[in-house]
Structures are given as C-alpha cells and as structure tokens.
Amino acid sequence: MAALSIALAIYRLHPRGGLEDNCLRIAEELQAHGHTVTIFTTTDAPSAGLNTVCLPEALRRRSNHTRMQTFASDARLAVKKGRFDRSMAFQTMPGFDFLFLADNIRNDPAAPLWRRIGSRFRTFAALERETFSAQSRTRVIGLSSPQMRPFEDLYPAAARIRIAPPTVSRDKHQPESRTSHRRATLRNALGIEAEVPVWLSLALVPKTKGLDRTVEALAARKDAHLLIGGIGASDKRARQIIAQAKRLNVADRVHWLGYLSGDSLFSAMAASDVLAHPARADVTGAVILEAIINGLPVVATDLCGFAHHIDDAKAGQIITEPFSIWKYEEALCDVCRNAATHSANGINYGNTAALYDGVKTICDWIEQDM
C-alpha cells in the first residue's frame, strides 16, 4: 500500500514501561512498513530512527489531570495541523483515529460520590466520555476482554472496540534461559539454598500489584524466599513493604533486585519457582504471560486481564475473588510442589504463534483504517 504519514501521541516515552514500549514498537513496525511516523510527547526523549516532537506546555501544570488535559488538547491540535493520514493516542484523548487503551475505565459508575466530585475524576471522565461518545469516530484497541466490558456497558461504542492479541515481544521468549546453572548462580549470590522455594514478584506499583499480600503469605511459609523486581529497597515505594517485612520477621527472606530487564530478568525467573502476582487490578498483567512462556509458573488473581493464560497453559493457579490470603498461600505452595509440570506446560504454550502477533495486528488495523 501507499506510504502513510502517521501520528502517535503519548504523554511520555521515558521511563520505558509497558505502554511506552508498545508505542515505540508500533512506531518501529509502521516505519518498517515504509510509513512516516511522528511521535508527539511532553519531553525530549529521542529514540533511534524515530521522529519525536516535544509538546512541553502540559508540564507547566501542577496536577496530573490538568497536565493530561493540556497534553490532550495540544496533541489534538498538532495532529490536526499536521494533516496526518492516521493518528493514534496512547492515553484516552478525543479526536484521534485510534486509541491504544491500556487503562481500566475512569468514569466508573460504581465510584463513591466523594471521588466522583473531585477534579481529577471529573477531568479524566470528561476525556473518556468524549472519546467514547456516540459522536466520536475513534476506534478503540483494548488489551483484554475483562478490561473492555465496563466500557461496552457504559458507552455506545461496542462496534468501535477491538481486542488486540498479546503484544509480547519475541525477544522476551527465551525459555532456554531457564537453566540449572543460571538458577544456581543467582541463588548462590543471594545466599539461597538450592531446594528452598523461591517466589518472584515484579511490581512497579506495590499496592496495586498486591506485593503486601505476598509478604503476608511469606510469613506463613518459614522456608520460602521472595525476590522483588521492579523497584529497589531504596525506592520510596518500597518503604511500607520493608516495614511490613520487618514487622512480620521475614525481612531476611526478602531480596530486592531493583529494575529487571533482559538478562537480569531471565536470571530472576530461572532462580524462582513461581511468579506471585496477586494484583488488586491489572488491565493485562503482561508479566503473567512473559513468565509462563519462559517456564515460570504463575499464581495470580482473576482480576488480571491475562489470568486466563494460566489456565489455558496449565501453568499455575488463578485466585478468584473475594481474595483469601489462605487460598493464595496454599496456591503458591501447591504450584511450587508441581513446578516442573507447570513449567513444561508453559514452555510448550510459548510456542503458540498468536501470542506475539499483537503489534503487527495493530499496525495492520492502522494501515487499513479499520
């Protein structure tokens, strides 16, 4: 097809979390197809081979919601002036051809009144209502069916919603990294014996991802150790967990690994027997799928959009609501006892080609204006 000029709008590109990674990978895929891509963002964060345009006005605002409101307005105007063939937003902003939606519903009818009357709630709800209104033409790309059901219930937008396949990058599928040597190397460095059960938690936002629940479960298992990736012990987000671990006398069995990626992440997975992910909310829980395909069994709550992959792969257990710490602790122990079987099942599941098709599929939809 003819080359297109395509605009992508994302509030920030750094630090590179899941949303930022998807934006950059989509941009790179579109460029590989011969299209011209421009990324509008708030800070100078050039990426090799990608054209980024800084819209810094939003950073002058004092609150998160006013910053997002300003960026939405500025990005919409920039895209209109640029006369692009296609446009995609990575936060809920009206006026774009596509929305890559990585959030849960903001205009939640079940939210308490005190929250609904706050300026933060009202600002994000207004952006969402305009994007999902009957007058809007924005096509919405969701990441999981559980995520999108509340939107379909509240807004007349079902015909404009599509669920993308998982966007896991193939370079994150390295089950051959799960070796006994790699397992022993990290365990030795941390002073953990070979046969001791090891749980892994990956949590940039500890409360949301349920890290406190895992520490509580650890107190009931005197032989287990917990590896924490995502943040380090010096991070202010770790303070409550550190205090909890000391209070429960498990601090000597909690190991803070800091931010993990690439080889360090594969090493942490190899050293562990289970990914502990008792999230209170998670649109997808991409770490669930990344763990499964690399042979690390998973215990996660059914509130995670990707939890169904645990059952599909037969690679762990799902904890249903209402959450029970007792059920969670028992599930962790049971999965560790049967880790070899769960691991083999997950590695086999990782050979499913569709797990890696998300970015390509999204780019096809953009090209075809579907």
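**Close-ups of a predicted model**

The structure holds one cavity of 30 Å³ or more. Everything below comes from a predicted model, where local features need pLDDT of at least 70, side-chain atom pairs count only at pLDDT 80 or more, and totals for chains, interfaces and linings use all residues. Residues are numbered from 1 along each chain as its sequence is written, and side-chain values use heavy atoms, with hydrogens and water left out.

**View 1. The largest cavity and its lining.** Its volume comes to about 30 Å³. Around the largest cavity sit Gln-174, Ser-177, Arg-178, Phe-266, Met-269, Ala-270 and Asn-294. A cavity here is a set of points, on a 1 Å grid over the protein atoms alone, where a 1.4 Å probe fits but cannot get out; lining residues have an atom within 4 Å of a point. Grid points are joined across faces, edges and corners, and a volume is the space filled by probe spheres set on the points.

**View 2. The second largest pocket.** A pocket, unlike a cavity, is an open set of points with protein on both sides within 12 Å along at least five of seven lines. This one has a volume of about 340 Å³. It is lined by 19 residues, and the closest to its centre are Gly-95, Phe-96, Asp-97, Arg-137 and Thr-138. Helix H2 (64–82) and strand E4 (86–89) each give at least two residues to the lining of the second largest pocket. Helices (H or I, at least four residues) and strands (E, at least two) are DSSP runs, numbered from the N terminus.

View 3. All five residues of E9 (residues 225–229) are buried, so the strand is largely enclosed by the rest of the structure. Buried means under 20% relative accessible area, exposed over 50%, and partly exposed in between (1.4 Å probe, protein chains only). His-225, Leu-227 and Gly-229 point one way from E9, while Leu-226 and Ile-228 point the other way. Strand E8 (residues 198–202) runs parallel to E9, joined by five bridges, and Ser-201 stands opposite Ile-228. Two strands pair if DSSP finds at least two bridges between them. E9 also pairs in the parallel sense with E10 (residues 254–258), over four bridges, with Gly-258 as the bridge partner of Gly-229. The chain gets from E9 to E10 through helix H9 (residues 239–247), in a right-handed β-α-β crossover. Right-handed means that, with the strands pointing away from the viewer, the path from the first strand over the helix to the second runs clockwise.

**View 4. Strand E11, covered on both faces.** In E11 (residues 274–277), Val-274 and Ala-276 are buried on one side, and Leu-275 and His-277 on the other. Two bridges tie E11 to E8 in parallel, and Leu-275 faces Leu-200. E12 (residues 298–301) is parallel to E11 too, over three bridges, and here Leu-275 has Val-298 as its bridge partner. Helix H11 (residues 286–293) carries the chain from E11 to E12, and this β-α-β crossover is right-handed.

**View 5. Asp-357 in its loop.** Look for Asp-357 between helix H14 (339–349) and helix H15 (358–368). Asp-357 is partly exposed, with a relative accessible area of 32%. Asp-357 and Thr-167 are 190 residues apart in sequence, yet 6.4 Å apart in space, C-alpha to C-alpha. Not counting residues up to four places away in sequence, Asp-357 touches Pro-165 and Pro-166 (contact means heavy atoms within 4.5 Å).
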